[in-house]
Structures are given as C-alpha cells and as structure tokens.
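Dear colleague,

Please find the structure below, followed by a short account of what was found in it.

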Amino acid sequence: MGFGDYPPEYDAKHHGPYNPARYYGKRDIPFSNVKLGELAAWLSRREKSPHALVAMVSRAWWRWNHKYVMPRRAGIAPLFHLIGGSCLFCYIINYGSIKHHRNYKYH
C-alpha cells in the first residue's frame with residue numbers, strides 16, 4: 001500500500017463509493033464499550049505503526065470536514081474550532097513560561 005492508494009480492505013463492489021472518513025478494516029468494539037479488564041486485549045489488537053497513525057488522523061480530519069465544513073449551510077462552528085484549537089496550542093507551547101507567573105499564597 002503506497003501513498004494515495006485505497007486501503008487494502010476496501011472493495012468497490014462491496015462498499016460502494018470510497019469514503020475517506022470510514023475505516024474499512026475489521027470491525028471491533030468501540031473504545032467507549034471496552035471494560036477495564038479487556039483494555040489490554042483491545043489495545044493489542046490495534047495496529048501500531050506510523051502509517052496507521054496517519055490514516056487515523058486523516059479519517060478524523062475527513063469526519064470533521066464532512067460534519068462542519070462541507071454541509072451546504074455550514075455555520076460558524078469550524079471557525080470557533082480553529083480559534084479554540086489555536087488558543088489551546090499556543091497555551092501548550094507557552095506553558096513553560098506561563099507557569100512561573102502563578103500567584104502563590106505563601107512565599
């Protein structure tokens with residue numbers, strides 16, 4: 001599987017048109033339904049490679065894009081998501097200098 005190819009699990013006759021926001025691999029129970037005792041087995045079934053991480057981020061991007069940006073009457077939500085995300089990112093990268101400005105009760 002190279003860059004830009006369809007996933008090997010995708011079958012056009014079975015799945016229909018390709019949807020980049022859908023996972024075509026073997027279905028598993030969702031993370032929200034995993035019990036604490038089954039967590040290790042659930043994590044061991046995940047593919048842990050850089051390609052799998054990139055594919056997961058790509059699917060999340062397309063899901064967000066289809067839900068908030070591409071609808072015919074898209075609202076202002078994507079703008080607020082981007083502003084909030086950039087504020088969070090700036091806070092995280094500047095946390096090292098911000099944490100020294102805390103107000104302590106006792107010196």
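Aspartate 28 is partly exposed, at a relative accessible area of 31% (buried means under 20%, exposed over 50%, partly exposed in between, with a 1.4 Å probe and protein chains only). This is a predicted model, in which local features need pLDDT of at least 70, side-chain atom pairs count only at pLDDT 80 or more, and totals for chains, interfaces and linings use all residues. Residues are numbered from 1 along each chain as its sequence is written, and side-chain values use heavy atoms, with hydrogens and water left out.

The whole structure contains 2 salt bridges (a side-chain nitrogen of Lys or Arg within 4 Å of a carboxyl oxygen of Asp or Glu). In one, aspartate 28 pairs with arginine 45, with the closest N and O atoms 3.0 Å apart. Aspartate 28 also forms a salt bridge with arginine 46, where the closest N and O atoms are likewise 3.0 Å apart. Shared partners join Asp28, Arg45 and Arg46 into one network. Arginine 45 has a relative accessible area of 46%, and arginine 46 one of 28%.

Arginine 59, by contrast, is buried and has no salt bridge; glutamate 9, the nearest side chain of opposite charge, is 7.8 Å away (Lys and Arg count as positive, Asp and Glu as negative; His and the chain ends are not counted). Leaving aside residues up to four places away in sequence, arginine 59 touches Pro20, Ala21, Arg22 and Tyr23 (contact means heavy atoms within 4.5 Å).

Yours sincerely
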